[in-house]
Amino acid sequence: MNNAAWFSLFIAGLFEVVWALAMKQSNGFTKLWPSIITFAAMWASFAFLSFALKSLPLGISYTMWVGIGAVGVSIVSVLWLNESISLIQLGCIGLILIGIIGLKIHTV
């Protein structure tokens, strides 16, 4: 598989984290700059995902994109937004991360 496609998929996942966090900060799209950042990051996330899909399987790519976003948002929301998390929730997020790694390792 194409390394550029995998890197693009990872960047798409990071932009998903950015737009989710910016959406939270936009207060229901009532704040201008967080709203602009939300839509710009959405566009970038979709663009990078689209590039990755040129050479990676859709099902695997979409699962990894969502997983990277979910794990990333969870981590940042705990560290930056001071949201609480239980050990069981942390373990479940860890399982998502294991799934992402497993998909990458076993996708040929």
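This is a predicted model: local features need pLDDT of at least 70, side-chain atom pairs count only at pLDDT 80 or more; totals for chains, interfaces and linings use all residues.
Residues are numbered from 1 along each chain as its sequence is written, and side-chain values use heavy atoms, with hydrogens and water left out.

**Exercise 1.** Find how many helices and strands the protein has, and their order.

*Solution.* Start with the rule: helices (H or I, at least four residues) and strands (E, at least two) are DSSP runs, numbered from the N terminus. Counting them gives four helices and zero strands. Reading from the N terminus, the order is α-α-α-α.

**Exercise 2.** Work out whether Trp-33 is buried or exposed.

*Solution.* First, locate Trp-33: it sits in helix α2. Next, recall the cut-offs: buried is under 20% relative accessible area, exposed is over 50%, and partly exposed lies in between (1.4 Å probe, protein chains only). Trp-33 has a relative accessible area of 59%, so it is exposed.

**Exercise 3.** Determine which residues form the nonpolar patch on the surface, and which helix gives the most to it.

*Solution.* Begin with the term: patch residues have over 30% relative accessible area and no salt bridge, with like charges joined within 9 Å and nonpolar side chains (Val, Leu, Ile, Met, Phe, Trp, Tyr) within 5 Å. A salt bridge is a side-chain nitrogen of Lys or Arg within 4 Å of a carboxyl oxygen of Asp or Glu. The members are Val-18, Leu-32, Trp-33, Ile-36 and Ile-37. Together they have about 500 Å² of accessible area (Shrake-Rupley method, 1.4 Å probe; for residues, only the protein chains shown count as cover). Helix α2 (residues 32-52) gives the most, with four residues.
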